[in-house]
Amino acid sequence: MRTLSPAQVAAPAHGSPAAARGLRRAAASTEFTILVVLVAISAVLAWMRPQFLAWGNVQNLLLQVASVAIPAMGMTLVIITAGIDVSVGGILGVSAVLMGQAALMGFHPLVLVLVGLAAGAALGAVNGALVTAGSFPPIIATLATMNLLRALIFGLLGGKWIAGIPYEVRQFALGRWLGIPYPFWVVLGLVAVLTYVLSLRPEGRHLYAVGGNAEAATVAGIRVRRILFAVYALNGMLAGLAGFVFMGRGGLVQTNAGSGLELQAIAATVLGGTSILGGKGTAVGTLLGAFLVSVVRNGLILLNIPALWEGAIIGGLVVAAVVADVMRRGGIHG
């Protein structure tokens, strides 16, 4: 048996053996497993309801994926740091209310996007401050802000809806390029940027280090608190962007805007392979998780299954994914 030197082991491999190893690694990855499950569910749905593959339904599905994937990208960063944010639905709702009111005042859509991003980032920064400066556990901090934001939405709307959003504002959500909804192109851009940062940038390595072992990361000189604050602010900013898509899709903003979004974003992230224990996760996996969540929701509608089963099924998938993750990681210690 030939023995490889350390240099040979470290050197990039080329040729068919390397390609075979790469294929085996890809086949063993979480993303591949999700893809197989996704294809299997889609095939069953297409067999039971042929309209599932109709181009109009595919476009609608891509729009649903974007609505979940945009906030889920921010959630991925949060969960990689071993945190959680259950307030993203409330952040989306407040951002949508502010943008809706600005839209009725005649502001340009670009201004509305900036309003949503700024509002989302500011509210996310509050979560970041509670987690870092206040040392609140993330679930407690964001649970508190979630309820405060729900009350704020009701206070801003006074129990009424914002309706009559101008068509030029709604074009961002309803328009298409090459037949693909604009929001899905935004998702693809986010996936590309996050994949680059998480894979090739020091900031990405620091993020995984914080989620893997925050104490060791601190000893290594990584500014853990600064990273956590930035991650929660960025997560809020993406929730604000999702609010713009939400407002455009429906053309109105109601008091329950964004309600339940937190479950969908967490589901897409965890189903996509991001470890709830921190230190592991990819943007591509989260995109596949968003597809899985959206296909399940779309399938339930096509099969005329009552909407109340949606939460139960998605929640069940999340529990299964978390149990599998914990078992892979050898259980929760400490």
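Reader: What makes helix H13 (residues 261–271) largely enclosed by the rest of the structure?

Author: This is a predicted model, in which local features need pLDDT of at least 70, side-chain atom pairs count only at pLDDT 80 or more, and totals for chains, interfaces and linings use all residues. Residues are numbered from 1 along each chain as its sequence is written, and side-chain values use heavy atoms, with hydrogens and water left out. Buried means under 20% relative accessible area, exposed over 50% and partly exposed in between, with a 1.4 Å probe and protein chains only; 10 of the 11 residues of H13 are buried, so the helix is largely enclosed. Among the buried residues are Glu262, Gln264 and Thr269, and their cover includes helices H3 (30–48), H4 (55–80), H5 (88–104), H14 (283–302) and H15 (308–328).

Reader: Why is helix H10 called roughly perpendicular to helix H12?

Author: The axes of H10 (residues 202–212) and H12 (residues 224–250) come within 10 Å and cross at roughly 105°, where axes are lines fitted to C-alpha atoms, for helices over the stretch in contact, and angles run from 0 to 180 degrees between N-to-C directions. Angles of 65 to 115 degrees count as roughly perpendicular, which makes H10 roughly perpendicular to H12.

Reader: Which residues make that contact?

Author: Contact means heavy atoms within 4.5 Å, and here His206, Leu207 and Val210 of H10 meet Val224, Ile227, Leu228 and Val231 of H12.

Notes:
Helix = DSSP H or I, 4+ residues; strand = E, 2+ residues; numbered from the N terminus. Parallel < 35°, antiparallel > 145°, perpendicular 65-115°, else oblique.
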